[in-house]
Amino acid sequence: MDFWSLMWADFKAIVTDKAIAITLFGGVLFYSVLYPLPYLHEVPTKQQIVVVDGDHSSLSRQLIRHADASPKLAVVGELANISQAETWVASGKAHGYLVIPEGFRRDLIRQRGVTLAYGGDANYFLIYSAVVEGLMSVGIDAGRYVQFNGLLARGCSAKQVKHDLEPIKLNSVPAFNPSLGYTPYVVPGVLLLVLHQTLLIGAGILGAGQWGREGYWQRASTMQLIFARVSVFSIIYSLFTCFYVGFCNYWYGVSVQGILSQVVLFLVPFILCTAVAGVAFSCLFTRRDLPTQVLLLISMPILFVSGFIWPLELIPAALIWLAQAVPAVPAIQGMLQLNQMGASWVGVVGFWWHLWALALVYLLLAYLGVRYRLNR
């Protein structure tokens, strides 16, 4: 059986197998929408809070008005005590609360320290952060307002008072994440992991369904079958990668700073290495359902050890070392630096050689595994 006929036979086996076709074609399209969907509205605004006002002064009422005017907060009620506020948060009527202590105005005027209490449901990190950030900003503004009026009353000029209260102005410009949201740094890495996992699943199902059975694959040599299968999956996933790295990044507004030629050059060993790894991985199974189950179980660990969801410093060194055998890990780390952070080729060439080295290792494993399966 010649090489091109073998490639065509593999391609037909992929597209006519419902499980593989749904995993590859359906999965890639489905996840391109599913994963970014939770992050589309990534900047929480107007989070509902309640206020427990123990002072009932003009300054506390002004603080409440400022909180309600904040772009991050919306005051939905004033309650009598903290227990009621906690009940509102627990029931979902509000996401947080502000407690203004008794003597708030008096202590500020006397230049004594005043403690404003904030509370909320920290299970929703973005929402909780928005509530705390909004309340802290309002509290700081209230303190400055009192200081401003006090200094004016002592005869200081307004210009000098402004300078004294704000001696330093911070101009913060995000370098790699302009929107300060999840989409620019989560979506690119997750989409690469989707490519990696679906390719391994597709190759695993294809091999597990063929080993030990009669078919065209038994009329080919070991290396011929490996190269044909790797070529077919590489061609298919080259198109998928263009869709993810090209269209999806621009569609979801992900920051793209890489040079096209360098990005393409970097992705070549990633696709080849993952395809070879898929062939080697398929030799471990003779049941078609097992590859999907195994890869779904290890998807989240791979995501965490890739280093962009969770800091690598908080992960055991042994896990980080073992993760270097997974093609997705160096690919994600290198691509994020190259394409999202604008790193030079010199800065990511180590990941590039890493992928080529993994490709050679998996080629050896694929050869041993396929020869063993064909001989059986």
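A pocket is here an open set of grid points with protein on both sides within 12 Å along at least five of seven lines, whereas a cavity is a set of points where a 1.4 Å probe fits but cannot get out. The model examined in these terms is a predicted one.

The second largest pocket has a volume of about 360 Å³. Its lining comprises 19 residues, and those nearest its centre are Tyr-31, Tyr-35, Gln-197, Leu-296 and Ser-299. At least two lining residues come from each of helix H2 (18–34), helix H8 (183–208) and helix H11 (290–305). By class, 12 residues of this lining are nonpolar and 7 are polar, with no charged residues.

The largest cavity has a volume of about 80 Å³. Helix H8, helix H9 (222–251) and helix H13 (328–340) each contribute at least two residues to its lining. Among the lining residues are Pro-188, Leu-191, Leu-192, Tyr-244, Val-245, Met-335 and Leu-336, together with Asn-249, Asn-339 and Gln-340. In this lining, 8 residues are nonpolar, 3 are polar and none is charged.

The second largest cavity holds about 40 Å³ of space. The residues that line this cavity are Leu-195, His-196, Leu-199, Tyr-237, Thr-241, Phe-270, Ile-271 and Thr-274. Two or more of them are supplied by each of H8, H9 and helix H10 (260–282). The lining divides into 5 nonpolar and 3 polar residues, again without a charged one.

How values were computed:
Residues are numbered from 1 along each chain as its sequence is written. This is a predicted model: local features need pLDDT of at least 70, side-chain atom pairs count only at pLDDT 80 or more; totals for chains, interfaces and linings use all residues. Side-chain values use heavy atoms; hydrogens and water are left out. On a 1 Å grid over the protein atoms alone, a cavity is a set of points where a 1.4 Å probe fits but cannot get out, and a pocket is an open set with protein on both sides within 12 Å along at least five of seven lines; lining residues have an atom within 4 Å of a point. Grid points are joined across faces, edges and corners, and a volume is the space filled by probe spheres set on the points. Helices (H or I, at least four residues) and strands (E, at least two) are DSSP runs, numbered from the N terminus. Ala, Val, Leu, Ile, Met, Phe, Trp, Tyr, Cys and Pro count as nonpolar, Asp, Glu, Lys and Arg as charged, and the others, Gly among them, as polar.
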